Amino acid sequence: MSWKRLTVDDLRTVLAEDEIQKLMNCSLDTELSGRIQQQIDNVADAFRGAFASKGYNMDVRKHYVPEEYVLPILNYARWSCWTTFPMT
C-alpha cells in the first residue's frame, strides 16, 4: 500500500472552480495557507487514528495516508476547511 502526505495542491483536485479561486487568494497569505495545510493534516490524522484503532499497518511518517483513501480524506478536508475559515 502506497502512502502520501496531502497538500493544498491535492485539495484543489476536489474543489469547484470558485472554491479554487478562493483557495488561491487564501494561499497568498502565508499564515492562512499554513493553517489550511494544518487543517488538512488534522483530517489526515483523524483518519490515521481510525485506521490504527482497527489494527491496520501504519506508515510511520506523520500525516501520511493510504492512497486508496485520498479522495474521501480530501472531501472531508474540503468541508473542514470551508467551515473552519468563514472568510472563504
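# Exercises on a predicted model

Leaving out residues up to four places away in sequence, Asp10 touches Lys4, Arg5 and Leu74, where a contact means heavy atoms within 4.5 Å. This is a predicted model, in which local features need pLDDT of at least 70, side-chain atom pairs count only at pLDDT 80 or more, and totals for chains, interfaces and linings use all residues. Residues are numbered from 1 along each chain as its sequence is written, and side-chain values use heavy atoms, with hydrogens and water left out.

## Exercise 1: Asp10

Solution. 
- Step 1. Helices (H or I, at least four residues) and strands (E, at least two) are DSSP runs, numbered from the N terminus.
- Step 2. Next comes accessibility, where buried means under 20% relative accessible area, exposed over 50%, and partly exposed in between (1.4 Å probe, protein chains only). With a relative accessible area of 16%, Asp10 is buried.
- Step 3. Now look for the charged partner. The term means a side-chain nitrogen of Lys or Arg within 4 Å of a carboxyl oxygen of Asp or Glu. Lys4 counts as partly exposed, at 25% relative accessibility.

## Exercise 2: Salt bridges across the chain

Task: say how many salt bridges the structure holds, then work through the pairs Arg5 with Asp41 and Arg78 with Glu19.

Solution. 
- Step 1. The structure holds five salt bridges. Side chains of opposite charge can pair when their charged atoms come close.
- Step 2. Arg5 and Asp41 meet through their side chains at 2.4 Å, N to O. This pair links distant parts of the chain, with Arg5 in strand E1 (residues 3-5) and Asp41 in helix H3 (residues 30-53), 36 residues apart. Arg5 is partly exposed at 35%, while Asp41 is buried at 7%.
- Step 3. In the salt bridge of Arg78 with Glu19, the closest N and O atoms are 2.9 Å apart. Here, too, distant parts of the chain are linked: Arg78 in helix H4 (residues 70-84) and Glu19 in helix H2 (residues 17-27), 59 residues apart. Arg78 counts as partly exposed at 29% relative accessibility, and Glu19 as buried at 12%.

## Exercise 3: Aromatic rings

Solution. 
- Step 1. The structure holds five aromatic pairs. Rings of Phe, Tyr and Trp (its six-membered ring) pair if their centres lie within 6.5 Å; planes under 30 degrees apart count as stacked, over 60 as edge-to-face and the rest as tilted.
- Step 2. Phe47 lies in helix H3 and Tyr76 in helix H4, 29 residues apart.
- Step 3. Both residues count as partly exposed, Phe47 at 21% and Tyr76 at 42%.
- Step 4. Ring pairs link Phe47, Phe51, Tyr56, Tyr69, Tyr76 and Trp79 into a cluster.
- Step 5. Tyr69 and Trp3 are 66 residues apart in sequence, but 9.5 Å apart in space, C-alpha to C-alpha.
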